[in-house]
Amino acid sequence: MTSDSGLPPLPEALERIDQQVNAKMSDYASDDVVYERLVEFNVLYGRLLAALESAYTGSARSFQVATAQMFALSRSAAAISRMPDPRGGTAGLVFEPIFSV
């Protein structure tokens, strides 16, 4: 069965997620726990991008590092998506890579 878009339907659990869309870091106060978790997420995201670039340019070890970082990023994203957002629903993921902290 497909949806009107021609894509398979989302699992029921995903349809119930009330996550903020197009969120930005600036949507959250810097002393908010959501903001802190988003900083951690974006540091991981930046490291993943760097490892993928390194793997693409020939470093086999970087591919292993990137794979581990994908799992860490997934866990971080899952935790953030369960955090309440001050505007309602749950916090949205922000993809604003931070390459150094």
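Arg87 is partly exposed, at a relative accessible area of 45%. Partly exposed denotes the range between buried (under 20% relative accessible area) and exposed (over 50%), with a 1.4 Å probe and protein chains only. The model is predicted, so local features need pLDDT of at least 70 and side-chain atom pairs count only at pLDDT 80 or more, while totals for chains, interfaces and linings use all residues. Residues are numbered from 1 along each chain as its sequence is written, and side-chain values use heavy atoms, with hydrogens and water left out.

Four salt bridges were found in a search of the whole structure. A salt bridge requires a side-chain nitrogen of Lys or Arg within 4 Å of a carboxyl oxygen of Asp or Glu. Arg87 takes part in a network of salt bridges with Asp27 and Asp85. The Asp85–Arg87 pair has its closest N and O atoms 2.9 Å apart. Asp85 is buried, with a relative accessible area of 6%.

The side chains of Asp27 and Arg87 also form a salt bridge, at 3.4 Å from N to O. Asp27 sits in the loop between α1 (12-15) and α2 (33-56), and Arg87 in the segment after α3 (60-81), so this pair ties together parts 60 residues apart in sequence. Helices here are DSSP runs (H or I, at least four residues), numbered from the N terminus. Asp27 is partly exposed, at 33% relative accessible area.

A further salt bridge joins Glu36 and Arg37, with 4.0 Å between the closest N and O atoms. Glu36 is partly exposed, at 36% relative accessibility. Arg37 is partly exposed too, with a relative accessible area of 33%.

Notes. Helix = DSSP H or I, 4+ residues; strand = E, 2+ residues; numbered from the N terminus.
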